[in-house]
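This briefing sets out selected features of one protein chain.

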Amino acid sequence: MQVATEPARTSLLGGISSAFRINPFTGTHLEVARADGCTIQDTAGNEYIDMFMSHGTTVLGHHHPKVFEGVRQALEQGVVIGYETGLGEEVAVQLVEHVPSAEAVRFVASGSEAVMTAMRLARAHTHRDIIVKIDGHFHGGSDYAMLNSLVANTDADNAGGHRSRAIMSSGGIPRAVADTVIPVPWNDLPALQEVLTENQGRIAGVMMVPIDFNNGCLVPTAGYLEAVGALAHEAGALFIFDEILSGFKTGLGGAQDLYGVTPDVTTLSKALSSGFPLSAVVGTLEVMQTLLKPPPEGAIQGGTFAGNIPGLGAAKATLAELSQPDFYPTLLGRSERFFTNLQAMFDASPLPARVQSAGCMFTVYVGTREPVTSYADIRALDPALGRKFFRNCIDAGLYYQTDFSVSIAHSDQVLDEVVDRMAGAARKTA
């Protein structure tokens, strides 16, 4: 694996532009020279089958020609920043057609910005301050989101039934954040009910990821999402889905379509535009119109790069491809075959591991053959064993980082090769 050069380490801080570029399995970052289809090549000339796929953004695969053509066509108008061109309306129409919660759309530049806007929108719409979030769910890098983010920053002492202890996920987060964001355990209705009761008339929104891909692959228990929505509405709060990572991974309608639960507000990003910078906040017309009202009744949303031309061009082309009748049957069928074969390999391997998946995204929990359903299950695993296994996978030419994803560019033959290489890495690890 190629590490940053000395000039990059002295000029570009740490050789990276994001803390999330550091691979948890290797402790360093990968410098990529080229990405195409399902493969990447680093600056040292090593080639990998990519199972990270840019945090799962590239459902179509890297360097997709239709996406690049869409961006090129959009840029023929010029690099138009700070104006509307009509392209935003075109993409918004597609989102309203496909995403159940989308009656109206606003575009922003990043996922963190989308979540920040959704929280502000909820507070302005309800005239309340408190957001209830799930202990361990990740919602980007804004101050209000960096509380109890990821399993490493969860309240391990909470056995359930009540709110979690507030844990800052970064330095520089004001303690005052804990006064307006309350974490509760996931799949724990009594804890949510207690918080809503104790803070009656103060909760603006209940926010969660419907599928927890940031901590591997944890799914909601049967009936949980429906019950949370009902409790939130009973308390006069909005129900917010963060589908930055889950959006377009199980189908055009996202996890909300998969589970048949429609939130009031949804954030979308990543696979929306095949990795080009673009995110969206969508929701019911009644709620979204709060963004049109002047302060203090309304919420301000704006940014120079909101609804930028390259991102919208990429999104238009991406949605056109995802809308093809055979796209998701092919992608999801191919993914399920791979996940089944991968679990069968581990079942016959001396290295115990559990494959869990939803749509085209998956994880491998190394060190157990039992279902992983909670953060307590994750904490019980040996992280050193997992790091050793995935480092062996990387040495075998399979690139894994944080989010594991299959794209349409991963053929059955490629995925069979992935299973074979992972089998070798498992033998080497056990």
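Which residues does Thr318 touch, not counting residues up to four places away in sequence? In this predicted model, Thr318 touches Leu60, Val67, Ala271, Leu272, Ser273 and Ser274.

- Thr318 belongs to helix 10, which covers residues 309–322.
- Thr318 counts as buried because its relative accessibility is 1%, and the cut-off for that class is under 20%.
- Between Thr318 and Cys393 the separation is 75 residues in sequence, and their C-alpha atoms lie 30 Å apart in space.

- Three strands make up an open sheet in the order 11-12-14, and their pairing is antiparallel.
- Strand 11 (353–358) and strand 14 (404–405) form the edges, each pairing on one side only.
- Strand 12 comprises residues 361–366 and is joined to strand 11 by 6 bridges, the two strands running antiparallel.
- Within this sheet, Ser357 has Phe362 of strand 12 standing opposite.

**Aromatic rings**

- The count of aromatic pairs comes to 18.
- One of these pairs is formed by Tyr48 and Tyr399, whose rings are edge-to-face, with 5.9 Å from centre to centre and 70 degrees between the planes.
- This pair links distant parts of the chain, since Tyr48 lies in strand 3 (residues 47–50) and Tyr399 in strand 13 (residues 398–399), 351 residues apart.
- Tyr48 and Tyr399 are both buried.
- A cluster linked by ring pairs contains Phe25, Phe338, Phe339, Phe346, Phe362, Phe389, Phe390, Tyr400 and Phe404. Among them, Phe362 is the residue that stands opposite Ser357.
- Arg123 is positioned over the face of Tyr144, at 4.6 Å from the ring centre.

Methods:
Residues numbered from 1 in each chain as written. Predicted model: local features only at pLDDT ≥ 70, side-chain atom pairs only at ≥ 80, totals over all residues. Heavy atoms only, no water. Pairing = 2+ DSSP bridges. Helix = DSSP H or I, 4+ residues; strand = E, 2+ residues; numbered from the N terminus. Buried < 20%, exposed > 50% of the residue type's maximum accessible area, 1.4 Å probe, protein only. Contact = heavy atoms within 4.5 Å. Phe/Tyr/Trp six-rings, centres within 6.5 Å; stacked < 30°, edge-to-face > 60°. Lys NZ or Arg CZ within 6 Å of the ring centre and 35° of its normal.
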